[in-house]
Amino acid sequence: MRQFIDQTTGEIYYTEEVLRRSDEIVKVFRPVGRSSKFVKIKASQKAKRRLRKLSLAEAGFLLKIAPYASEGTNLLQGDNERGKKGTPLTVKDLARIADCSYQTARKIVKTFIELHIMRRTDLEGRSALAINPLYSLNGKTAEAWLLHLFSQEITEAGEDPNLD
């Protein structure tokens, strides 16, 4: 592992080799002061076609909010840095995370719901947003509850989100 320092910011970087299939995109997030969190952007054919249709702003938004998906359920929840841990994030919270206006975040979330990239659900009496496991999955497997939430899209895609 090779180390180098960014002369502008003073941040220390390390080079690492990542082996991946040609049809998948992987982004690694390493928040300071916490354990590493890995979020896999799924590579189903249907997801890739839809992801290619997203605007740069929409794709960036998805990439920025994906680390807030809870493991196994893909519910967008706070982590005590942004929102209270375990509490569903609001569109306003997502706008702060993605560094965009509330109106832009609301429009993108609406588009994601129409494209079945996200879905609203109820979590202990509160509205929560979940990311479709065909697009992004935090954790090794998706829980049955999440698979049921997106069962129509998963059936149409003909793919199991839990298989690599």
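Good morning. I begin with a pair of strands, β5 and β6, which pair in the antiparallel sense over six bridges. Please keep in mind that this is a predicted model. Within the pair, Arg119 stands opposite Ala130 of β6. Two residues lie between the strands of this hairpin, and Glu124 there adopts a positive phi near 50°.

Which residues of α3 are buried? They are Val91, Asp93, Leu94, Ala95, Ile97 and Ala98. Just after α3 comes Asp99, whose phi is positive at about 55°.

I turn now to the two helices that I have just named. In general, a pair of packed helices is described by the angle between the axes and the distance between them. How do the axes of α2 and α4 cross, and within what distance do they come? They cross at roughly 85° and come within 10 Å. Angles from 65 to 115 degrees count as roughly perpendicular, and α2 and α4 are therefore roughly perpendicular to each other. On the α2 side, the contact is made by Ala57, Glu58, Phe61 and Leu62. On the α4 side, Ala105, Ile108, Val109, Thr111 and Phe112 take part. By class, this contact of α2 with α4 comprises seven nonpolar residues, one polar and one charged.

Terms used
Residues numbered from 1 in each chain as written. Predicted model: local features only at pLDDT ≥ 70, side-chain atom pairs only at ≥ 80, totals over all residues. Heavy atoms only, no water. Buried < 20%, exposed > 50% of the residue type's maximum accessible area, 1.4 Å probe, protein only. Helix = DSSP H or I, 4+ residues; strand = E, 2+ residues; numbered from the N terminus. Axes fitted to C-alpha atoms, helices over the stretch in contact; angles between N-to-C directions. Parallel < 35°, antiparallel > 145°, perpendicular 65-115°, else oblique. Contact = heavy atoms within 4.5 Å. Nonpolar A, V, L, I, M, F, W, Y, C, P; charged D, E, K, R; others polar. Pairing = 2+ DSSP bridges.
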